[in-house]
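Visitor: I am new to this structure and would like to learn how to read it, feature by feature. Could you take me through it slowly?

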Amino acid sequence: MKVVYHIDEMGKWDLLLANVRNMCAFYEAAGHAATIEVVANAAAVRALTREAARASGRSAAFAALQEAGVLLAVCANALAANGVGADALVPSAHVVPAGVVELAQRQQEGYAYIKP
């Protein structure tokens, strides 16, 4: 199973993280492999700074994503629009040139698209 989660709203992070945790747990219990990527763009990128993650209590959740093999992609355009430097991001995040392109490419590769 290949899945790409899309988040563009700050208020949806807890829901998205719960969805991803549940999916990871399901596939692990079933003994099946899953490839999961989270693509953050628009305002949602602000949650991925080390400072914001610490303040919200999500630092451990973002680290757990990485431990579970979940890729956390962050839109470079959204970072610029929100005045966030790549150097401020949590260690598990990596920057992609454009979130919408990342989403389209993953869907073309057969990933299921989920937007909580």
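This is a predicted model: local features need pLDDT of at least 70, side-chain atom pairs count only at pLDDT 80 or more; totals for chains, interfaces and linings use all residues.

Visitor: What is a salt bridge, and what do the labels for helices and strands stand for?

Guide: A salt bridge is a side-chain nitrogen of Lys or Arg within 4 Å of a carboxyl oxygen of Asp or Glu. Helices (H or I, at least four residues) and strands (E, at least two) are DSSP runs, numbered from the N terminus. By the salt-bridge rule the count here comes to 5.

Visitor: Which residues are linked with Arg106 in a network of salt bridges?

Guide: The network joins Glu37, Glu102, Arg106 and Glu109. Within it, the side chains of Glu109 and Arg106 meet at 2.9 Å, N to O.

Visitor: Are Glu37, Arg106 and Glu109 buried, partly exposed or exposed?

Guide: The general idea is that buried means under 20% relative accessible area, exposed means over 50%, and partly exposed lies in between (1.4 Å probe, protein chains only). Glu37 counts as buried because its relative accessibility is 2%, and Arg106, at 16%, is buried as well. Glu109, in turn, counts as partly exposed because its value is 40%.

Visitor: Which residue meets Asp14 in a salt bridge?

Guide: That partner is Arg58, whose side chain meets the one of Asp14 at 3.0 Å, N to O. This pair too links distant parts of the chain, 44 residues apart, since Arg58 lies in the loop between helix H2 (50-56) and helix H3 (59-67), whereas Asp14 belongs to helix H1 (residues 13-30). Arg58 counts as buried because its relative accessibility is 14%. If contact is taken as heavy atoms within 4.5 Å, and residues up to four places away in sequence are not counted, Arg58 touches Trp13, Asp14, Leu17, Ala47 and Ala53.

Visitor: How should I read a nonpolar core, and how many residues does the largest one have?

Guide: A nonpolar core is a set of buried Ala, Val, Leu, Ile, Met, Phe, Trp, Tyr and Cys residues joined through side-chain atoms within 4.5 Å. The largest one here has 30 residues, and those with the most contacts inside it are Trp13, Val38, Leu48 and Phe62. At least two residues of this core come from each of strand E1 (2-7), H1, E2, H3, strand E3 (71-75) and helix H4 (76-81), and H1 supplies the largest share, with 6 residues. As for Leu48, leaving out residues up to four places away in sequence, its contacts are Trp13, Ala40, Phe62, Leu72, Val74, Ala88, Leu89 and Val90. Another core, of 6 residues, lies apart from the largest one, and among its members are Val4, Ala73, Val96 and Leu103.

Visitor: Where is Leu65 found, and which residues does Leu65 touch?

Guide: Leu65 is found in helix H3, and Leu65 counts as buried because its relative accessible area is 4%. Not counting residues up to four places away in sequence, Leu65 touches Leu17, Val20 and Val70.

Visitor: What about a residue that lies in a loop?

Guide: Ala42 is found in the loop between E2 and H2. Its phi is near 55 degrees, a positive value in a residue other than glycine. Ala42 is partly exposed, because its relative accessible area is 36%.

Visitor: Where, by contrast, does Ala55 lie, and is Ala55 buried or exposed?

Guide: Ala55 has its place in helix H2, and Ala55 counts as exposed because its relative accessibility is 71%. The C-alpha atoms of Ala55 and Arg21 are separated by 21 Å, while the two residues are 34 residues apart along the chain.

Key. Residues are numbered from 1 along each chain as its sequence is written. Side-chain values use heavy atoms; hydrogens and water are left out.
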